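Let's walk through this fold together, starting with its strands and ending with its aromatic rings. Keep the viewer open as you read.

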Amino acid sequence: MRKFVGIVSACALCLLATGGECALRVVTTTTDLAALTRAVGGEFVDVYAVAKGAQDPHYVAAKPSYIRQVNRADLLVYNGLELEVAWLPLLIEGARNRALTPGSAGLLDASEVVERLEIPRGDVDRSQGDIHPEGNPHYLLDPRNGVLVARLIADRIGQLDPDHAADYAAALTQFEADMARQIEGWELRLRATEDTSLLAFHRTWTYLAAWAGIRIANYIEEKPGIPPGPRHLASLVDQMATEGIRAIALAHYNPTRSGKALAERSGARLLVLPAAVEAFDDVAEYADLFDRIVSDLETVGRGTP
Ligand SMILES: [Zn+2]
């Protein structure tokens, strides 16, 4: 009975908010997934992102306000490949939302449509650092994967809200066309940076590098999730000199101290790239991410000096 009352009042609220229609409530774990959901869901979805743009999505506190959002969700879209392993199970467990039981249509793992990179071979244990055993989870930094995920989300929200399935399909077609045009433009511009070697902080740019044709020569983190010691930093300075590495790529949420020190000692350019939608004010939509990243990479130039 209580549940019934809950549904009625939630619907009454959104009737007021949307002037007649009940929007599908979608919670996403990240701002990237929220942007893709908005792109295909338009006015018929109400989207809430748990991790904010400025945050490192590996580490998010399971706050009660997030649990309330997950509790009210019709659909929860998550990145998967263990990106959210430290906090999402706590939110789902705390939310006690029956729409989100394993295997139900209310739960969507966006990684199911992407080709994974860096799947570790052999046994994975904690001595290797904070490693992602199912493969690298940062796949949305390849814009082609964003298109695949947008299609997955459009299909699922169409299934949950069949009244607007045609709207979602039309928005998807538009999004796919926009992205195809923009991807072509970015790829043209990236020819100027082909084969450039970068040093990165974390394994954030694996998919980006594969798409953009750049090489990640090494990582500031000694192992994933583990900060560098002085010996590792010294060996990076040597490597940067011998291999002509001319830029260091940090994600906007990475600590900057070690990257700054390395840039000073090597003369390399320090790039603080947006790794998520809403990382910076001018990165409001999914495509903005690549506008900004491609522009920053263009400042580095091509090949080794
Ligand atoms: Zn990671």
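Four strands form an open sheet in the order 6-5-7-8, with parallel pairing; two strands count as paired if DSSP finds at least two bridges between them. Strands here (E, at least two residues) and helices (H or I, at least four residues) are DSSP runs numbered from the N terminus. This is a predicted model, in which local features need pLDDT of at least 70 and side-chain atom pairs count only at pLDDT 80 or more, while totals for chains, interfaces and linings use all residues. Residues are numbered from 1 along each chain as its sequence is written, and side-chain values use heavy atoms, leaving out hydrogens and water.

At the edges of the sheet sit strand 6 (215–219) and strand 8 (269–273), each pairing on one side only. On average, neighbouring strands of this sheet are turned by 35° against each other, direction ignored. Axes are lines fitted to C-alpha atoms, for helices over the stretch in contact, and angles run from 0 to 180 degrees between N-to-C directions. Strand 8 is joined to strand 7 (residues 247–251) by five bridges, and Ala249 has Leu271 as its bridge partner in strand 8.

Helix 10 lies across strand 5 and strand 8, running at about 175° to strand 8.

The structure holds six aromatic pairs; rings of Phe, Tyr and Trp (its six-membered ring) pair if their centres lie within 6.5 Å, and planes under 30 degrees apart count as stacked, over 60 as edge-to-face and the rest as tilted. One of the pairs is Trp186 with Trp211, edge-to-face at 6.4 Å centre to centre and 90° between the planes. Trp186 lies in helix 6 (residues 165–190) and Trp211 in helix 7 (residues 206–212), so this pair ties together parts that are 25 residues apart in sequence. Trp186 also forms a tilted pair with Phe290, at 5.4 Å and 45°. Because Phe290 belongs to helix 10 (residues 286–298), that pair ties together parts that are 104 residues apart in sequence.

Ring pairs link Trp186, Trp211, Tyr286 and Phe290 into a cluster.

Methods. Contact = heavy atoms within 4.5 Å.
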